[in-house]
Amino acid sequence: WDKTLYPAADSFYIYRDTANYNYTVVGVLPYSALSSYTDTARSVCAIVNGDPQVTYYKYKIAYKDTCGAMSPMSPYHQSVYMFNTGSLFQWNHYEIEGQPVPVPGLTQYRLMRDNIADGNYILAAGASASSTLISDPQYATWQTTADWRIETQWNITCTATARQGNNEAMGTIVKSKSNIKNNRTTSMVKTQENYAMYPNPAGDRFTIELPQGTKKALRIFNMNGELVLTTDVSGTTQVNTSALNAGVYYVNLDGVNVAKKKLIIVK
């Protein structure tokens, strides 16, 4: 969200619908933090656990001002959940409370495919904003190795910002992403080069251990598949993650023939 519209805000509260439009707080971020939140709160409600691999969810945001007063909650935004039967992919519409379906700002749904599950998504097929199903014409080629997700394309933008004064802004947000689906029951490929990663969960840093004399490019992706950190590692290297928010990420080493490792960051 664009927090610069609310200069009196002290902190932002993120709510999830946990029981028939009863919204529960799942996260609180100070104004100084990046105005972006990854929902990893799985124990707020035993039934509605926020897992994007299970179903879609509705979310609202409110803010507390510097005097301690709470604003009204925003209209809800409903996430996209995708499932497939073979090459046919289906999903629910992205929704915004009080707006028509499809949302007027939505221009297209895009089926994105990561051919070898390394975090690099390409466009597999496109559908109109009124569509909720599409086929991947190359499904047979990649069905045992790829990840798929649905991505929205908007004619509106939103910039998440890190500090007052709009300093250190992220790239403008012009898309929303669904859960990830694949057809694999085991790891995509066998490990040809082992490496250790610890501690996990991590705080402001974690350690990568590679075989002596080995140098690789480390890449960290968030749950939306976006690249958030890149650095070179060799031997035993500490990786600084102090700039990353708490949440779930995926770590990939270029040249290491292994599926991505999950990294949890806590603050």
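Keep in mind that the model is predicted.

Start with the sheet. Three strands make an open sheet, ordered S5-S6-S10, with antiparallel pairing. At the edges sit S5, residues 82-85, and S10, residues 133-135; each of these pairs on one side only. On average, neighbouring strands here are turned by 25° against each other, direction ignored. Look at S6, residues 88-91. Three bridges join S6 to S10, and the two run antiparallel. Take Gln90: its bridge partner in S10 is Leu133.

Next, the packing. Nonpolar side chains tend to be buried together in soluble globular proteins. Here the largest nonpolar core counts 20 residues. Among those with the most contacts inside this core are Met82, Phe89, Trp91 and Ile134. Which elements give two or more residues to this core? They are S6, S8 (106-114), S9 (122-128) and S11 (147-154). Another core, of 17 residues, lies apart from it and includes Ala202, Leu210, Val233 and Tyr249.

Now the backbone. Two cis peptide bonds to flag. Val101 to Pro102 is cis, omega near 0°. Pro102 sits in the loop between S7 (95-96) and S8. Asn200 to Pro201 is also cis, with omega near 15°. Pro201 falls in the loop between S13 (196-198) and S14 (205-209).

Last, positive phi. Asn20 is not a glycine, yet its phi is about 50°. Tyr21, also not a glycine, has a phi of about 70°. Where is Asn20 found? In the loop between S1 (9-17) and S2 (23-30). Tyr21 is in the loop between S1 and S2 too. Asn20 is exposed, at 72% relative accessible area.

Conventions:
Residues are numbered from 1 along each chain as its sequence is written. This is a predicted model: local features need pLDDT of at least 70, side-chain atom pairs count only at pLDDT 80 or more; totals for chains, interfaces and linings use all residues. Side-chain values use heavy atoms; hydrogens and water are left out. Two strands pair if DSSP finds at least two bridges between them. Helices (H or I, at least four residues) and strands (E, at least two) are DSSP runs, numbered from the N terminus. Axes are lines fitted to C-alpha atoms, for helices over the stretch in contact, and angles run from 0 to 180 degrees between N-to-C directions. A nonpolar core is a set of buried Ala, Val, Leu, Ile, Met, Phe, Trp, Tyr and Cys residues joined through side-chain atoms within 4.5 Å. Buried means under 20% relative accessible area, exposed over 50%, partly exposed in between (1.4 Å probe, protein chains only).
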